[in-house]
Amino acid sequence: MRVLASTVFAAALALAFGTPQANPIEEKKPMNVKKITPVLLVDQIEPILPFWIDRLGFTKAIEVPDGNKLAFVDFQKGSVEVMYQTYASVEKDAPPEMRAAARKGPTYLYLEVDNLDAVLAAMKSVNKVMPERTAFYGMREFAVQDPAGHFITFAQSAAPAKH
């Protein structure tokens, strides 16, 4: 009898208060991502500057100094943006959970470009960690490591352009 009473009581509570699954779905406003920007962590920013500015034509939009060195830099080209921050800077102002994981890299970036040949020319003296290839998913691509050790794959659709 006690088991039956508990079961009836539990059922009555469920009916009275409902369960999360029983509630109608609340209408939520959609969240639109406006942009996503990678922040790559490095020992030093200065060796990265020629890679992004001279080779790839990005501009230095923001820089944050730390003494006579840079702690942070934001590179931009058109609507594309990539940021670099030093480990020391992260260790100064990030919460402990983030500081603990900061040095676990490297990061992998995948950049789709409209002229892979131009990027190949700009990277001709940079060691290719993945030689040029056409991948099974239809992208012509190759990869390098930036001076901090992050892997960057450049890719362009292998499909002929439609006119």
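This is a predicted model: local features need pLDDT of at least 70, side-chain atom pairs count only at pLDDT 80 or more; totals for chains, interfaces and linings use all residues.
In general, the strands of a sheet pair through backbone hydrogen bonds, in either a parallel or an antiparallel sense. Here, β2 and β3, the latter formed by residues 69-77, pair in the antiparallel sense over 7 bridges. Within this part of the sheet, Lys60 stands opposite Phe75 of β3.

The pockets come next. Rolling a probe the size of a water molecule over the atoms shows where empty space is left. The largest pocket contains about 510 Å³ of space. Its lining is made up of 22 residues, and those nearest the centre are Phe58, Val80, Leu111, Glu112 and Val113. Strand β4 (80-86), strand β5 (108-112) and helix α5 (116-122) each contribute at least two residues to this lining. Of the contributions to the lining of the largest pocket, that of β5 is the largest share, with 4 residues. Sorted by class, the lining of the largest pocket comprises 14 nonpolar, 5 charged and 3 polar residues.

The second largest pocket has a volume of about 160 Å³. It is lined by 14 residues, and Val39, Leu41, Met98, Ala101 and Ala102 lie nearest its centre. Two or more residues of this lining come from each of β1, α3 (87-93) and α4 (96-101). Helix α3 gives the most to the lining of the second largest pocket, namely 3 residues. The classes represented in this lining are 8 nonpolar, 4 polar and 2 charged residues.

Salt bridges form the last topic, and the structure holds 8 of them. One of these joins Lys35 to Glu81, with the closest N and O atoms 2.6 Å apart. Lys35 belongs to the loop between α1 (2-17) and β1, while Glu81 belongs to strand β4, so the pair ties together parts that are 46 residues apart in sequence. As for accessibility, Lys35 is exposed, with a relative accessible area of 54%, whereas Glu81 counts as buried at 10%.

Another salt bridge is formed by Arg103 and Glu91, whose closest N and O atoms are 2.9 Å apart. Because Arg103 lies in the loop between α4 and β5 and Glu91 in helix α3, this pair ties together parts that are 12 residues apart in sequence. Arg103 counts as partly exposed, at 47% relative accessibility, and Glu91 counts as partly exposed at 33%.

Arg133 is partly exposed, with a relative accessible area of 38%. Glu141, by contrast, counts as buried, because its relative accessibility of 1% falls under the 20% limit.

How values were computed: Residues are numbered from 1 along each chain as its sequence is written. Side-chain values use heavy atoms; hydrogens and water are left out. Two strands pair if DSSP finds at least two bridges between them. On a 1 Å grid over the protein atoms alone, a cavity is a set of points where a 1.4 Å probe fits but cannot get out, and a pocket is an open set with protein on both sides within 12 Å along at least five of seven lines; lining residues have an atom within 4 Å of a point. Grid points are joined across faces, edges and corners, and a volume is the space filled by probe spheres set on the points. Ala, Val, Leu, Ile, Met, Phe, Trp, Tyr, Cys and Pro count as nonpolar, Asp, Glu, Lys and Arg as charged, and the others, Gly among them, as polar. A salt bridge is a side-chain nitrogen of Lys or Arg within 4 Å of a carboxyl oxygen of Asp or Glu. Buried means under 20% relative accessible area, exposed over 50%, partly exposed in between (1.4 Å probe, protein chains only).
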